[in-house]
Amino acid sequence: MKVIVVKQDHSRTRSFRVSGNRLIALAASAMSLCLLLGGGLAYVAMKTDKNLLLTEEGVQQWKVELDEQKKEVDVVRREAERQIDALTLRLAELQGRITRLDAVGERLTVTAKLDDGEFEFDEAPAVGGPEEVPGSESLYAKSSLIDAIDQLSKQIDSREQQLDLLQDLLENKVITDSAFVAGLPIRKGWLSSRFGSRTDPFTGKNAWHSGIDMAGKRGSDIISVAAGVVTWAGDRYGYGLLVEVNHGNGYVTRYAHNQASKVKVGDVVSRGQVLAEMGSSGRSTGPHVHFEVIKNGKNVDPQLYIYRASK
């Protein structure tokens, strides 16, 4: 192909020949240049859009987004503080309940008369065992702190119920044991008359003796053989100065011919407590205590009770 180039003022012309292959190369070069220019313009346009962030409007938008993020962080922080406060109160409550359980446990060891060191409630319980490799399910099933605290709370609830029941049983057992009629009504003295038929010391005739007589030193202690409630403390015909104690379960004991009474009606007395002073009031020949045991309204032989072991 022949190409003629004419100068603008037509003063000069030039001509040259271009082959087909060269013409194609020139066309391809021109097309590539156009593509490069188009891509550059597009890139510049994109950069121009991003650079809009650096404008005053973009800065204001950033400030708005930062303020919203700060508010979200404050909400999260307040929620976390609220949960921490709730956990702190929960832990304090559990600590108080554990302290109470320790106190109950200590009291029960005393009530049950357990050996020293058998239960140490002021020390952490001793535990142990071989290490178990957790399964694949447990590796990913991690319980939260709140779940762990709830589980501990349920365990404490169960322990409290068990200890309360055990305490009630032991206290009832102690009350029952203390009300168990057994032992002598005096600390020093001797048996001077048995239960049953005997010769009356005043008439010389055969008579029924509803208790036993135990002689001793005037003014010596007369003691209760079991815990109970005083139902009589005063003079009664034939008995002189009498103290009567109801022990429950149908048992009543009487202590007669006293010199002085140390209790009054309505007093709650314990086993071994002093009830009166030995004397010779009423129908008596000398200082002694007339001791009766009444079971379900009927006099029984006190010797069956004074020599049996106390619970």
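Student: Which residues does Glu244 touch, not counting residues up to four places away in sequence?

Tutor: This is a predicted model, in which local features need pLDDT of at least 70, side-chain atom pairs count only at pLDDT 80 or more, and totals for chains, interfaces and linings use all residues. Residues are numbered from 1 along each chain as its sequence is written, and side-chain values use heavy atoms, with hydrogens and water left out. Contact here means heavy atoms within 4.5 Å. By that rule, and leaving out residues up to four places away in sequence, Glu244 touches Val229, Val230, Thr231, Trp232, Arg236, Val252, Thr253 and Arg254.

Student: Is Glu244 buried or exposed?

Tutor: Glu244 has its place in strand 9, residues 240–248, where strands (E, at least two residues) are DSSP runs numbered from the N terminus. Buried means under 20% relative accessible area, exposed over 50% and partly exposed in between, with a 1.4 Å probe and protein chains only. Because its relative accessibility is 11%, Glu244 counts as buried.

Student: How far from the centre of the ring of Trp232 is the charged end of Arg236?

Tutor: A charge sits over a ring if NZ of Lys or CZ of Arg is within 6 Å of the ring centre and within 35 degrees of the ring normal. The charged end of Arg236 sits over the ring of Trp232, and its distance from the ring centre is 4.2 Å.

Student: What kind of aromatic pair do Phe195 and Trp208 form?

Tutor: Rings of Phe, Tyr and Trp (its six-membered ring) pair if their centres lie within 6.5 Å, and planes under 30 degrees apart count as stacked, over 60 as edge-to-face and the rest as tilted. The count by this rule comes to three aromatic pairs. For Phe195 and Trp208 the centres are 5.3 Å apart and the planes are at 80°, and the pair is edge-to-face.

Student: Why is the pair of Tyr255 and Phe291 called tilted?

Tutor: Tyr255 lies in strand 10 (residues 251–261) and Phe291 in strand 13 (residues 288–295), so the pair ties together parts 36 residues apart in sequence. Both Tyr255 and Phe291 are buried. The ring centres of Tyr255 and Phe291 are 5.4 Å apart, and the pair is tilted because the planes stand at 35°.

Student: What is the phi of His257?

Tutor: His257 has its place in strand 10, and it counts as buried because its relative accessibility is 4%. Although His257 is not a glycine, its phi is positive, at about 70°.

Technical notes. Helix = DSSP H or I, 4+ residues; strand = E, 2+ residues; numbered from the N terminus.
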